[in-house]
Structures are given as C-alpha cells and as structure tokens.
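Dear colleague,

Please find below the structure that I am handing over to you. My findings follow directly after it, and I would be grateful if you could read them with the structure open.

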Amino acid sequence: MKREIRLENLYLDYGKERFLNWCRTLYSFRFIKSHSYPDDMNPDRFIALINFKDEDELRNFVNIMKIESDVDIQEAITSESYFSGKAKVNETTCYIEINKVLKNLVFVVSGTEEDQFALDDSTFQRAKKIDQFLSELNMVFVSSPYDDVYSITPEFYPSVWNKEH
C-alpha cells in the first residue's frame, strides 16, 4: 500500500523532534492522524488495540488492566456486543471501545482539557502513563491498529522509528 501522509505536515503541526519522540517511546499506543473532513469526525489521537479470543479472555483483560468506568463494564461485556465510553486506566482518563464481534479492545487518548480536538504534550503524557502501565502487563498489542495511511506505525512508516531520521 502506498503511504500518502506526508510526515513533513505532521512535523510542522507537532514539531519534528516531539512527534518522533511520541511515536518512538510508546509501546502499545500508535499515533493516528484524523482522516480529512468529513470522512472522520475524530481528532488526531493515540490508539492501542488488543485482540481477545473470547468473552472470558476479555473479562480477564478488563480485570488485569483495572479499567474503571461509570458504567459496569463487566455487565456491558455480558449484555452488549459493542461498548464504548469514557474510562480510567492507571488513574488516567481515556476512551475505550469493546467490540465482541471483531474481538478487540481499543484504548483512545485524544484532546486536551481546553479542546477535545487538540493534541499536545498533555495528551501524549496521558497516553504515556497508560502505555507504561500496559507494557508492564506483558500483553500483545496490535502494532498497527488500522491498516490505512493514517496509522503511523513501524510497519508502514519505518523511517519514523529509524533513529537516523
């Protein structure tokens, strides 16, 4: 697949060194560029995705990760094939999606306190805090959450992870 995102545009938006640091220092999270309007109403964001084989493994993941939410996630797992909402992981706010049909659990970190569509160092620090916690759990996360040009991943943009870049 031909990559169409011009990294130079991301470097201009976020600063080259800062952007490269964000990508290179995260274990499970990947930077996802928003699609052009109106195709995507989501902002630029950090996403981590893990697959599960069945409901028991999903329950185990939720317990191990100590996901907190205003909604009873264990109940949602039992009664719903899809759940999404705000949650806390490692005492840090994020957004989670549980899709039992696709068998994946997605963590999304985006926005700032002032602007839900902005992305800055405070957003990265939230992703990093969750990321550090998740990395300690020795779970296997999907390196490329989405197979499209908007996913900045080592598989699709190896130059980002090349320290000489």
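The protein has six helices and six strands, where helices (H or I, at least four residues) and strands (E, at least two) are DSSP runs numbered from the N terminus. Along the sequence these elements follow the order α-α-β-β-α-α-β-β-β-α-β-α. The radius of gyration of the protein is 16 Å, close to the 15 Å that the globule rule gives for 165 residues, so the protein is as compact as a globular protein of that length. Here the radius of gyration is taken over C-alpha atoms, and the globule rule is 2.2 Å times the number of residues to the power 0.38.

Please note that this is a predicted model, in which local features need pLDDT of at least 70 and side-chain atom pairs count only at pLDDT 80 or more, while totals for chains, interfaces and linings use all residues. Residues are numbered from 1 along each chain as its sequence is written, and side-chain values use heavy atoms, with hydrogens and water left out.

The C-alpha trace spans about 45 × 35 × 35 Å along its principal axes. Of the 165 residues, 44% are buried; buried means under 20% relative accessible area, exposed over 50%, and partly exposed in between, with a 1.4 Å probe and protein chains only. Among contacts between residues at least 6 apart in sequence, 55% join residues at least 24 apart, a contact being heavy atoms within 4.5 Å.

Helix packing

Two packed helices are described by the angle between their axes and the distance between the axes. The axes used here are lines fitted to C-alpha atoms, for helices over the stretch in contact, and angles run from 0 to 180 degrees between N-to-C directions.

Helix α1 (residues 7-14) and helix α2 have axes that come within 7 Å and cross at roughly 105 degrees. The two helices, α1 and α2, are therefore roughly perpendicular; angles of 65 to 115 degrees count as such, those under 35 as roughly parallel, those over 145 as roughly antiparallel and the rest as oblique. From α1, the residues Leu10, Tyr11, Asp13 and Tyr14 make the contact, and from α2 the residues Lys16, Arg18, Phe19, Leu20 and Trp22. These residues of the contact of α1 with α2 divide into six nonpolar, no polar and three charged. In this grouping Ala, Val, Leu, Ile, Met, Phe, Trp, Tyr, Cys and Pro count as nonpolar, Asp, Glu, Lys and Arg as charged, and the others, Gly among them, as polar.

Helix α2 (residues 16-25) also packs on helix α5 (residues 121-135): their axes come within 11 Å and cross at roughly 15 degrees. This makes α2 roughly parallel to α5. On the α2 side, Arg18, Asn21, Trp22 and Thr25 meet Asp121, Phe124, Lys128 and Asp131 of α5. The residues of this contact of α2 with α5 comprise two nonpolar, two polar and four charged.

Individual residues

Lys128 lies in helix α5 and is buried, with a relative accessible area of 17%. Leaving aside residues up to four places away in sequence, Lys128 touches Thr25 and Leu26. Gln125 is also placed in helix α5, but is partly exposed at 47% relative accessible area.

Thr153 belongs to the loop between β6 and α6 (158-161) and is buried, its relative accessible area being 0%. Not counting residues up to four places away in sequence, Thr153 touches Arg30, Ser143, Ser144, Pro145, Pro158 and Trp161. Thr153 and Leu134, 19 residues apart in sequence, are 18 Å apart in space, C-alpha to C-alpha.

Backbone angles

Most residues other than glycine have a negative phi. Glu91, although not a glycine, has a positive phi of about 60 degrees. Glu91 is found in the loop between β3 (82-89) and β4 (92-99) and counts as exposed at 65% relative accessibility. Asn138, likewise not a glycine, has a positive phi of about 55 degrees. Asn138 is placed in the loop between α5 and β6 (151-152) and is exposed, with a relative accessible area of 67%.

With kind regards
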